[in-house]
Amino acid sequence: MMGINARKMAMGFVAASVLMAPAWGQKQTPPVGGAPKSFTVPAHETYALANGMKVTLVPYGNIPKVTVSLAVRCGNIDEAKEQLGVADITGELLKEGTTTLSSKEVAEAAARMGSTLGVTVGADETTAAMDVLSESGAAAVKLLADVVEHPLLPESEVSRLKTNMLRQIAVAKTQPGQIALARFRKLMYGEHPYGDVLPTEETINKLTIADAKKFYADNYGAARGHLYVAGKFDTAAVKKAIAENFSAWAKGSAPSVRAAAPKTQKILDVTDRPGAPQSTLYVGLPVADPTNPDNVRLIVSNSLLGGSFASRITTNIREQKGYTYSPRSQVSSRYHDAYWVEIADVTTKDTGASLKEIFGEVSQLQKEAPGAEELKGIQSYLSGIFVIQNSTRQALIGQLRFVDLQGLGEEYLKTYVQRVNAVTPAEVSATTTKYIKPELMTIVVVGDKAKITEQLTPYAGDGGK
């Protein structure tokens, strides 16, 4: 039975509904969106220790937590061809204890701070990070320093880590997206390390603890390190902990630079998956890297073309044609390197038609500049996403790491929203024409060859197979 207060509330709702009914029946005009807000990099301090290690401190937010992240300029880029995977094995071994703490003790120390120790190995950088309670900021610095400067690198864990990696490789080789990515990168980068997405079983099986120790000795050192601390923390205590725990880290070697020379080529590469209900597409080519003034114009052009849910390619092959559920394009970047790629899992029978529509949308954007309203919507989207994505401690560190890796300077972040919104319709068309050229694209398809070969005939290049 309804109580008195509940009954009064219900009656009040009905009365309000009656009063508001006429408005509900009228067409409502949504409010005009506000002007895009610029991204402001929080006040911060950057300095270097005598051994060359850089430090960036970013007091940020009111939540009593702080992220401590050490980026080391080494990763898969530093692997020898016959030792693919050694960077990943070394990164995993960092979590397996120090010369004074067992792996269990490292994990327990992190847990007492309300965190876990994470180590991530990438193409150009390896990061060791913790997100801890503010009161533990200095302790987190000390633990990270011990882990990275004095790793135990125990031989007893190598077999287990290799087994785990071999399992991951085996799983990846059954996934069409991973197969397509691996083929796309190999065709584009050849023998450069960026061309190797997955290690081989052979190289993993041959790796030894001696290889991991040599990789560590050759690539880890203060000259390659940059410690980022962002959040709410005691600046004096953190600075003291940094000085006490990182000043003695050996300088080591400077970061190695292995410039990539990705190939711009018309080629069709097909990997057969008999009976596959879908074809996985990777279609793209090298474009201006983040240091190029055209890069922001490329980002805007990509977002309009295929890099957002409201983009033209997505609207075409997802909403209108129903060929695919989640297509997307992106400007993918590494150190002073980038490529544009459209990725889609399309119905097998629509493989050729999907390529036709993708290239058709590119050609249309080359021929005719977008309308001002369409472009404004994309710019507002990019501006809002940029500000939102940089509203956490980890995201802030990620952005600072990006500009530091690329050598862009903080002006890149401060003026990003402004530059996005300064792009004109004519520049979108011109940028698409300059960089996104269907006649020079690498096309990778993973699907049922018997059912798609004829569909793909119009797209075969000189190097196709």
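This is a predicted model: local features need pLDDT of at least 70, side-chain atom pairs count only at pLDDT 80 or more; totals for chains, interfaces and linings use all residues.
**Aromatic pairs and a covered helix**

F359 and Y459 are both buried (buried means under 20% relative accessible area, exposed over 50% and partly exposed in between, with a 1.4 Å probe and protein chains only). Residues are numbered from 1 along each chain as its sequence is written, and side-chain values use heavy atoms, leaving out hydrogens and water.

The model has 10 aromatic pairs; rings of Phe, Tyr and Trp (its six-membered ring) pair if their centres lie within 6.5 Å, and planes under 30 degrees apart count as stacked, over 60 as edge-to-face and the rest as tilted. In the pair of F359 and Y459, the ring centres are 5.8 Å apart and the planes stand at 50°, so this pair is tilted. F359 belongs to helix α12 (residues 351–367) and Y459 to the segment after α17 (449–456), so the pair ties together parts that are 100 residues apart in sequence. Helices here are DSSP runs (H or I, at least four residues), numbered from the N terminus.

The rings of F402 and Y412 also make a tilted pair, because their planes are at 55°, with the centres 6.0 Å apart. This pair links F402 in helix α14 (residues 393–406) with Y412 in helix α15 (residues 411–422), 10 residues apart. F402 is partly exposed, at a relative accessible area of 24%, whereas Y412 counts as buried at 10%. The charged end of R419 sits over the ring of Y412, 4.7 Å from its centre (CZ of Arg or NZ of Lys must be within 6 Å of the ring centre and within 35 degrees of the ring normal). R318 places its charged end over the ring of Y325 in this way, 4.6 Å from the centre. Elsewhere, F184, Y189, Y194, Y282 and Y339 form one aromatic cluster.

Now turn to helix α10 (residues 295–305), which is mostly covered, with 10 of its 11 residues buried. Among the buried residues are V296, I299 and L305. Helix α10 packs against helix α16 (residues 425–435) at an angle of about 100°, and their axes are 9 Å apart. The two helices, α10 and α16, are therefore roughly perpendicular (65 to 115 degrees). On the α10 side R297, L298, V300 and S301 meet E427, V428, T431, T432 and Y435 of α16.

Finally, confidence: the protein chain averages a pLDDT of 91, and 91% of the residues score at least 70. Over residues 1–30, however, the pLDDT is below 50.

Notes:
pLDDT is the predictor's confidence in each residue, from 0 to 100. Contact means heavy atoms within 4.5 Å. Axes are lines fitted to C-alpha atoms, for helices over the stretch in contact, and angles run from 0 to 180 degrees between N-to-C directions. Angles under 35 degrees count as roughly parallel, over 145 as roughly antiparallel, 65 to 115 as roughly perpendicular and the rest as oblique.
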